[in-house]
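Biologist: I am new to this structure. Please take me through its salt bridges closely, and then the sheet.

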Amino acid sequence: MSALTRSPAWQALEAHAATARRLCLRTLFREDPSRFETHSLTAGPIFIDWSKHLVTGETRQLLLSLARQQGLEAAIGDLFGGALVNHTERRAALHTALRDRSGQPVLFGGRDVMPGVRDVLARMRRFSDAIRDGSLRGHTGLPFDAVVNIGIGGSDLGPSMVVEALRAHGRDDLRVRFVSNVDDTHLVETLRDLDPARTLFIVSSKTFTTQETMTNAASARQWLVASLGDAAAVGAHFAAVSTNVGATAMFGIPSDRVFEFWDWVGGRYSLWSAIGLPIAIAVGMDRFEALLEGAHAMDRHFRSAPLDINGPAVLGLLGVWYANFLGCATHAVLPYDQYLHRLPAYLQQLDMESSGKRIDRSGDPVEHATGPVLWGEPGTNGQHAFFQLLHQGTQMVPADFIVAARGVRQLGRHHDILLANCLAQTQALAFGKTEAEAYAEMERAGMSAGEARRLAPYRTFPGNRPSTTILLEALTPSSLGALIALYEHRVYVQSVIWEINPFDQWGVELGKQLAGGVLSTLESRQGGVDLDASTRGLLTRIALAGDAPPAQGSR
């Protein structure tokens with residue numbers, strides 16, 4: 001056993017879990033009329049109801065003891081104070097500085113980083129305003145009506161999710177699209193209906209060497225030059241978010257169209273930086289800064305609220321409770337808002353790339369579960385797909401239900417129906433339906449006693465399926481910023497408890513390295529001597545397929 005799993009706080013929670021597995025939410029609510037009040041909180045502009053969880057007052061105190069044993073309060077200070085919390089890369093994780101609106105210095109290595117942050121924000125404003133008002137034009141003198149962001153991972157998932165979430169604030173005459181996949185289909189289909197003379201590309205890559213991004217960027221450049229007939233057009237139709245100004249210059253992008261960010265900004269935490277440039281273009285810089293302000297409000301809450309009413313701390317500790325003590329391997333995120341349909345994919349990277357670690361801060365293998373598998377889809381679509389498993393399956397899946405009290409469009413009864421479904425699903429998961437209730441319901445409907453008895457087990461819902469309801473007043477740039485920051489800090493809380501580094505991602509490197517060797521073999525058509533039998537066999541099959549005539553209907 002590790003020091004963590006041997007620790008008094010951990011051992012107390014393991015002992016308590018045996019009792020918690022027998023908890024009944026119906027009983028907890030019946031015996032405590034104030035349960036909703038004591039198990040809910042306000043975090044910035046967000047209200048969090050966590051009363052439908054398999055926890056008691058004792059659970060709460062034991063989890064807080066674990067947090068204090070692991071030094072969570074000091075770790076929060078380290079995060080905001082510029083400490084090298086990313087210890088494997090010897091870096092700070094000061095993404096919170098990107099959205100700091102306090103006007104106070106934020107020090108890293110004895111230097112205030114805020115003048116640089118404000119300078120980039122000012123440059124983003126000038127550039128995005130010029131694109132939006134048509135004063136910045138393409139090579140032929142036409143204004144831009146399409147922006148294509150080329151990036152991958154954090155350079156794609158964050159900005160694309162936010163642009164989708166705030167689509168109601170966008171403009172029909174200015175399309176903002178995203179290309180990430182090196183599969184040529186993604187680029188071809190994105191460009192299919194665009195006019196090269198009116199298209200701006202933003203290449204987002206810190207090093208300007210990311211294979212997928214640079215492959216797509218090179219093909220986009222070729223498409224542009226072939227269409228406009230002049231390589232000089234590149235400088236007017238490309239911008240970059242990168243630290244490698246030498247490489248961007250060689251590509252043909254002028255220095256005044258290169259936006260910097262810093263080593264203390266991790267990829268999956270970078271949408272607040274110049275990586276968010278497509279957001280600013282899509283919805284305007286004022287709304288981008290409102291996004292920052294919402295995130296900063298959550299930062300202030302996380303930094304100052306006591307742990308027992310601290311939104312990210314409570315959610316992070318609940319994640320630890322289910323992953324480590326109740327054996328839950330997955331976690332569902334269920335936004336009841338179609339504009340948030342990309343949120344689960346964004347949170348997959350944020351959570352699973354951060355928490356999917358097997359080595360602790362001391363360099364030893366962990367002896368406890370770390371990151372759960374995170375997944376989800378918008379409601380109500382999920383209700384007609386995987387909710388069957390949530391309600392009656394054999395696995396317990398903690399779920400986050402995210403909904404706004406007020407809809408964006410206000411079309412007839414739509415939002416009321418959406419709200420009703422969201423709240424009803426959390427109710428059904430928590431309290432279920434007993435076999436006796438199922439039998440009585442069928443009997444009242446006129447079913448024979450024998451048939452009702454036969455079907456009653458199938459129509460029984462066990463309940464006691466935990467969920468959190470995250471309530472926004474409305475989906476706005478500010479509330480979205482707070483929501484994203486809530487999840488960022490939740491991940492950090494879990495990492496502190498688990499004693500892992502949430503800011504590196506060495507697990508993505510091996511596949512990249514091996515892909516280089518496979519690509520050389522694939523392109524040379526010669527067998528790789530260092531390849532395993534499976535890969536060699538697959539490459540042989542691929543070579544044979546490549547020599548065959550093209551399939552009918554191919555373009």
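Modeller: Start with exposure: a residue is buried under 20% relative accessible area, exposed over 50%, and partly exposed in between, using a 1.4 Å probe and protein chains only. This is a predicted model, in which local features need pLDDT of at least 70, side-chain atom pairs count only at pLDDT 80 or more, and totals for chains, interfaces and linings use all residues. Residues are numbered from 1 along each chain as its sequence is written, and side-chain values use heavy atoms, with hydrogens and water left out.

Now the salt bridges. A salt bridge is a side-chain nitrogen of Lys or Arg within 4 Å of a carboxyl oxygen of Asp or Glu. That rule gives 22 salt bridges.

Take Glu289 and Arg125. Their closest N and O atoms are 3.4 Å apart. Glu289 sits in helix α15 (residues 285-304) and Arg125 in helix α8 (residues 114-133), so this pair ties together parts that are 164 residues apart in sequence. Helices (H or I, at least four residues) and strands (E, at least two) are DSSP runs, numbered from the N terminus. Glu289 is buried, at 18% relative accessibility. Arg125 is partly exposed, at 26%. Both residues belong to a network of salt bridges, which also links Arg101, Asp286 and Glu293.

Next, Asp145 and Arg175. The closest N and O atoms of this salt bridge are 3.6 Å apart. Asp145 is in the loop between α8 and β5 (146-150), while Arg175 is in strand β6 (residues 175-179), 30 residues apart, so the pair links distant parts of the chain. Asp145 is buried, with a relative accessible area of 14%. Arg175 is partly exposed, at 27%.

Asp173 and Arg171 form another salt bridge, at 3.0 Å from N to O. Asp173 is partly exposed at 49%. Arg171 is also partly exposed, at 29%.

Now the sheet. Two strands pair if DSSP finds at least two bridges between them. Six strands make an open sheet with mixed pairing, in the order β1-β2-β13-β12-β10-β11. At its edges, β1 (40-43) and β11 (373-375) each pair on one side only. The average twist from one strand to the next is 20°. Strands β10 (residues 330-335) and β12 (residues 399-406) run parallel as a pair, over four bridges. There, Pro335 has Ile402 of β12 as its bridge partner.

Last, a helix. Axes are lines fitted to C-alpha atoms, for helices over the stretch in contact (heavy atoms within 4.5 Å). Angles run from 0 to 180 degrees between N-to-C directions. Helix α17 (residues 343-355) lies across β10, β11 and β12, at about 165° to β11.
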